[in-house]
Amino acid sequence: MENNLIVSPSPHIHGGDSISKNMYGVIIALIPAFLVSLYYFGIGALVVTAVSVIACVGFEYLIQKFLFRQEPTLWDGSAILTGLLLAFNLPSNLPIWIILIGALAAIGIGKMSFGGLGNNIFNPALVGRVFLLISFPTQMTTWPVPGNFPLTYTDAETGATVLSLIKGGSHEFPTYTDMLLGNMGGSFGEVGAIALILGLIYMLVRRIISWHIPVSVIGTVVVFTGIMYAVDPYSYANPLVHLLSGGLLLGAIFMATDYVTSPLTKKGMLLYGVGIGLLTSVIRLFGSYPEGMSFAILIMNAFTPLINSYIKPKHFGGK
């Protein structure tokens with residue numbers, strides 16, 4: 001009888017966590033990367049971000065108010081965060097009408113079609129991003145050159161990304177310093193490696209996320225690409241290039257760690273992260289797309305229920 005679990009009557013101590021607190025914590029962690037994007041891509045980054053956030057918030061309000069007939073929950077921060085993450089996955093010269101379509105796909109298909117926050121199977125921002133990539137491949141793979149500020153943001157001079165250079169067999173990349181600071185082409189929210197790492201440190205210190213998913217994703221990509229580079233350094237880029245280019249850091253830190261679509265247990269998170277890292281590496285090295293992060297996360301989102309069913313968290317009071 002000495003092993004009986006004793007639960008005292010209320011009041012209990014509140015842990016202090018809430019949906020809105022964590023959502024706004026992630027938004028704060030994205031600020032350094034947003035500032036980097038403004039520095040390198042100017043008004044284009046601001047326009048794309050503003051349109052994406054306003055559209056996601058607006059579509060969620062309309063769907064909740066007029067389709068679900070329920071009180072809108074706009075201020076929990078989830079729609080704002082979806083809009084930010086969607087914008088960070090887009091080129092800074094994307095026309096407004098395409099951004100609106102992406103926002104509708106993210107909120108309407110990726111989130112609200114499953115019943116809203118907490119019910120969605122897939123990361124909503126990535127649903128919007130992949131929807132646009134498949135529907136508008138030319139516009140979604142036309143990357144502005146950093147530091148080029150034309151009168152109209154959609155007329156920005158464009159160039160290749162590091163991953164597209166790798167896919168084309170080139171061995172001439174931006175310097176490591178440029179890749180760390182964000183002076184390279186790509187989705188404007190993914191280019192500033194240092195800024196994204198600062199966001200990771202902030203979320204780890206505030207315990208918004210744990211280290212398991214980011215470390216397992218990044219570690220798997222580094223190990224896999226490192227093995228391929230050791231086997232054939234002429235055909236494959238070194239792992240540091242893969243680490244600092246594309247959406248690896250943005251995806252591993254801010255997208256794969258989504259509470260709803262990632263596993264519940266630490267072991268499950270590690271397995272989930274390894275799966276994302278392997279899929280990303282395979283698509284990058286052997287697939288037709290230069291980047292595989294978005295596809296890898298969405299595929300592993302689909303496996304999250306299976307992971308949770310086999311690697312279950314300890315029940316309340318269990319050993």
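Modeller: Let's start with Arg 207, in the loop between helix H10 (193-205) and H11. Bear in mind that this is a predicted model.

Colleague: Okay, is Arg 207 buried or exposed?

Modeller: Arg 207 is exposed, because its relative accessible area is 72% and anything over 50% counts as exposed.

Colleague: And what about the phi of Arg 207?

Modeller: That phi is positive, about 60 degrees, although Arg 207 is not a glycine. Most residues other than glycine have a negative phi.

Colleague: Which other residue has a positive phi although it is not a glycine?

Modeller: Arg 69 has one, at about 55 degrees. You'll find Arg 69 in the loop between H3 and H4. With a relative accessibility of 67%, Arg 69 counts as exposed.

Colleague: Let's move on to H4 itself. How many of its residues are buried?

Modeller: Eleven of its eleven residues, so helix H4 (residues 78-88) is mostly covered. The buried residues include Ser 78, Ile 80, Leu 84 and Phe 88.

Colleague: What covers those buried residues of H4?

Modeller: Several helices do, including helix H1 (19-29), helix H2 (31-41) and helix H3 (43-67). Helix H5 (96-109), helix H6 (124-135) and helix H13 (248-255) are also among what covers them.

Colleague: Where does Asn 89 sit?

Modeller: Asn 89 is in the loop between H4 and H5. Asn 89 counts as buried, because its relative accessibility is 6% and the limit for buried is under 20%.

Colleague: Which residues is Asn 89 in contact with?

Modeller: Leaving aside neighbours within four places in sequence, the contacts of Asn 89 include Leu 126, Arg 129 and Met 140. Ser 187, Leu 250, Met 255 and Ser 294 are also among them.

Colleague: Switching topic: how many aromatic pairs are there?

Modeller: The structure holds six aromatic pairs. One of them is formed by Tyr 236 and Phe 286, with 6.3 Å centre to centre and 75 degrees between the planes, an edge-to-face arrangement. That pair links distant parts of the chain, as Tyr 236 and Phe 286 are 50 residues apart. Tyr 236 is in the loop between helix H11 (212-231) and helix H12 (239-244), while Phe 286 belongs to helix H14.

Colleague: What relative accessible area does Phe 286 have?

Modeller: Phe 286 has 48%, so it is partly exposed.

Colleague: And Ser 281, where is that?

Modeller: Ser 281 is in helix H14 (residues 266-286). Ser 281 is buried, with a relative accessible area of 1%. Not counting residues up to four places away in sequence, Ser 281 touches Thr 220, Val 221, Phe 224 and Thr 225.

Colleague: What about the strands? Which residue is in the loop between strand E1 (143-144) and strand E2 (158-159)?

Modeller: Glu 157 is found in that loop. Glu 157 counts as partly exposed, at 47% relative accessibility.

Colleague: How far is Glu 157 from Met 269 in space?

Modeller: The C-alpha to C-alpha distance is 40 Å, and Glu 157 and Met 269 are 112 residues apart in sequence.

Colleague: Now the whole chain. How many helices and strands does the secondary structure come to?

Modeller: The chain has 15 helices and two strands. Its C-alpha trace spans about 70 × 50 × 30 Å along the principal axes.

Colleague: What radius of gyration does the chain have?

Modeller: The chain has 20 Å, which agrees with the value near 20 Å for a compact globule with 319 residues. Of the 319 residues, 51% count as buried. Among contacts with a separation of 6 or more, 73% come from residues 24 or more positions apart.

Colleague: Last one: what about the surface and the charges?

Modeller: The accessible surface of the chain comes to about 15300 Å², and 68% of that belongs to carbon and sulfur atoms. There are 14 positive and 13 negative side chains, with the centres of the two sets 15 Å apart.

Methods: Residues are numbered from 1 along each chain as its sequence is written. This is a predicted model: local features need pLDDT of at least 70, side-chain atom pairs count only at pLDDT 80 or more; totals for chains, interfaces and linings use all residues. Side-chain values use heavy atoms; hydrogens and water are left out. Helices (H or I, at least four residues) and strands (E, at least two) are DSSP runs, numbered from the N terminus. The radius of gyration is taken over C-alpha atoms; the globule rule is 2.2 Å times the number of residues to the power 0.38. Buried means under 20% relative accessible area, exposed over 50%, partly exposed in between (1.4 Å probe, protein chains only). Contact means heavy atoms within 4.5 Å. Accessible areas come from the Shrake-Rupley method with a 1.4 Å probe; for residues, only the protein chains shown count as cover. Lys and Arg count as positive and Asp and Glu as negative; His and the chain ends are not counted. The place of a charge is taken as NZ of Lys, CZ of Arg, CG of Asp or CD of Glu. Rings of Phe, Tyr and Trp (its six-membered ring) pair if their centres lie within 6.5 Å; planes under 30 degrees apart count as stacked, over 60 as edge-to-face and the rest as tilted.
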